[in-house]
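Good morning, everyone, and thank you for making the time. I would like to walk through one structure with you, starting from the chains and ending with a pair of helices.

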Amino acid sequence: MNKRRSLAGVVADHTILAVLAILFLAPFAFIALTSVMSAAQAGTTFSWPTSWHVENYAAVFEKLDLVRYFGNSLMYSILATVFMLASSIPAAYALARIKFRGANLLFLLIVAMMLLPPQVTTVPLYVMWSKLHLTGSLWPLILPNLLGDAFSIFLLRQFMLTIPKDYTESAELDGCGPWSTMVRVIVPMAKPGIAAAAIFLFFHAWNDYYGALLYTSENERAWPISYALAQFRTSRAVDWNLTMAATILAMVPVVLIFFSAQKVFVQGVTLTGVKG
Amino acid sequence: MRPTTRRRGLVALAFLGPALLGMAVFFVYPLAMTVYYSFTTFNILSSPKWNDFANWKYLVGQDPLIVTAAVNTLWLIVILVPIKILGALLVAWALTRARHASGVLRTIFYLPALIPPVASTIAFVFVLNPSTGPVNQMLSLIGLRPGWFTDPAWSKPSLVGLSLWVLGDIMVIFLAALLDVPTEQLEAAELDGAGGIARFWHIIVPAIRPVLLFALVTGIINAMQMFTEPAVASGTAMGKATVGAGSSTTLGWPSNSTLTYGQLLYQRAFGSNLMGYASAMAVVMFVVTGLVMIFLLRRFSGFTAEVAR
């Protein structure tokens with residue numbers, strides 16, 4: 001922003017940033033160190049590990065049904081993402097590129113849906129899913145994505161609006177109908193937006209606690225990792241070292257995805273804020 | 001002209017079909033049912049029975065916890081939300097001044113917001129453990145030992161601390177907006193002798209107003225529904241069974257000090273099995289959210305410009 005700055009100013013700025021970075025990273029260091037402590041040491045005042053127990057990571061898989069919880073989370077996240085893309089890309093395309101009566105009203109409704117707290121519709125939806133005998137599973141959280149996800153439609157529409165109209169217009173002049181214009185022109189050009197929407201939904205599903213509590217708490221076999229993680233320390237009295245190992249394991253997938261797709265991710269976050 | 005308009009409408013309908021059905025099933029229908037249920041006595045085992053305004057009378061003064069939940073939620077809106085926004089803005093501003101490693105630093109500040117909230121909450125409760133945690137170990141050197149998540153006086157400030165650790169989600173949005181602020185304006189102000197704070201308030205804040213407003217509105221809506229962090233923090237700090245499987249006794253622990261409106265709604269619906277009453281609470285939540293949203297849509301130029309297209 002500002003190019004003419006004194007050396008002292010630059011040093012001060014970087015000192016502040018370095019202190020902040022240490023503060024933000026410190027909790028990660030504490031939990032990583034605790035995850036390799038003996039159970040006895042992890043329960044006492046925090047100190048450097050007296051002995052290293054990397055085998056805690058294997059023990060946590062033996063003591064807790066992590067494979068099942070991870071499997072459930074993967075199923076939830078992947079299916080929800082695939083379903084969302086199938087239903088939300090066409091909807092976003094229609095909102096961004098087709099002029100029709102009621103388009104503005106529809107967009108406002110989607111924004112309202114996106115901002116609506118989940119608790120507002122919890123009771124009727126729970127009753128509905130329980131009549132369909134699907135409570136106790138992750139399906140009440142996966143299936144709605146087949147019918148569009150408001151946040152994803154919003155994000156995809158915002159991205160598609162940034163694609164110059166010339167491309168779609170020339171495709172139409174070449175005789176492309178709306179469907180083939182979407183498939184051949186919009187989808188390839190909107191790849192970063194689509195990737196961002198997919199990552200957001202994957203993360204939302206992976207990190208979801210409220211939905212999992214609502215629909216799967218009664219059936220341990222259906223627990224995803226983020227719900228299961230909240231139970232270890234409490235209902236199962238698992239030691240702190242194993243809880244921390246499991247906590248780190250639960251972060252691994254989202255952190256890996258983030259690092260491999262950081263650019264589209266940040267671009268997507270920026271779009272959600274709506275340009276000033 | 002008319003046939004093409006109609007044709008376009010049909011094409012749009014085809015593309016939007018699933019989403020429109022989704023809106024009906026997951027938005028319009030449950031909203032209507034929530035209003036209906038709010039006038040009934042209802043639990044999951046029996047069908048709803050009309051009870052006139054019984055739920056509403058209970059809501060307006062008989063529910064022993066509703067005032068606590070409302071006050072806690074208001075506390076979060078008035079204190080936690082502005083502190084988090086200010087923190088995110090300051091971190092984003094500091095980042096724009098980095099000459100080196102700005103990408104790495106951005107990732108570091110974003111990381112806590114990325115991981116599952118259950119994981120970040122458990123980690124934070126561990127770090128703030130009153131007897132064994134590293135923070136109190138340091139604080140005890142100067143004679144302080146706050147109870148953090150275990151003390152009703154400290155539990156909400158502890159949530160503020162957690163929200164500052166995970167401020168990355170809005171920080172990234174602020175960062176993008178800050179990078180769009182015209183450099184010339186800032187340099188001109190500096191030549192005019194404006195100090196750092198003056199430049200911050202008089203140039204940067206007005207330039208990113210729409211993004212600030214967006215963060216404020218979504219922050220308020222999120223505070224009303226806040227669930228995961230206080231629920232997991234209560235359970236972990238208490239060291240007993242968390243919510244779910246019928247037992248939602250830990251919500252709000254200690255002494256209901258972290259009980260939010262969204263948590264009480266859940267507790268009334270699934271803990272006390274008062275689904276009619278919880279629906280009345282949901283109607284209130286919807287109305288308040290609606291008012292906040294209308295404020296957003298009317299004031300927020302970014303949205304209206306897009307909508308007017």
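Before I give any figure for burial, let me say what I mean by the word: a residue is buried if 20 or more other C-beta atoms lie within 10 Å of its own, with the C-beta atoms placed from the backbone. Please also keep in mind throughout that this is a predicted model.

With that cut-off, 43% of the 309 residues of chain B count as buried, and for chain A the figure is 48% of 276 residues. In secondary structure, chain A has 15 helices and zero strands, while chain B has 15 helices and two strands.

Turning to overall dimensions, the C-alpha trace of chain A spans about 70 × 70 × 30 Å along its principal axes, and that of chain B spans about 75 × 70 × 30 Å.

As for how the sequence folds back on itself, if we take the contacts in chain A between residues at least 6 apart in sequence, 76% of them join residues at least 24 apart. In chain B, residues 24 or more positions apart account for 67% of the contacts with a separation of 6 or more.

The buried residues of H5 in chain A are A:Leu106, A:Ile110, A:Val111, A:Met113 and A:Leu115.

Finally, the helix pair: H11, residues 191-207, and H14, residues 240-260, both of chain A, pack at an angle of about 170 degrees with their axes 11 Å apart. Angles over 145 degrees count as roughly antiparallel, and H11 and H14 of chain A are therefore roughly antiparallel to each other. From H11 of chain A, the residues A:Ile199, A:Phe202, A:Phe203 and A:Trp206 meet A:Pro253, A:Val254 and A:Ile257 in H14 of chain A, and the residues of this contact divide into seven nonpolar, no polar and no charged.

Technical notes:
Residues numbered from 1 in each chain as written. Chains lettered and ligands numbered in written order. Predicted model: local features only at pLDDT ≥ 70, side-chain atom pairs only at ≥ 80, totals over all residues. Axes fitted to C-alpha atoms, helices over the stretch in contact; angles between N-to-C directions. Helix = DSSP H or I, 4+ residues; strand = E, 2+ residues; numbered from the N terminus. Parallel < 35°, antiparallel > 145°, perpendicular 65-115°, else oblique. Contact = placed C-beta atoms within 7 Å. Nonpolar A, V, L, I, M, F, W, Y, C, P; charged D, E, K, R; others polar. Buried ≥ 20, exposed ≤ 12 C-beta atoms within 10 Å, placed from the backbone.
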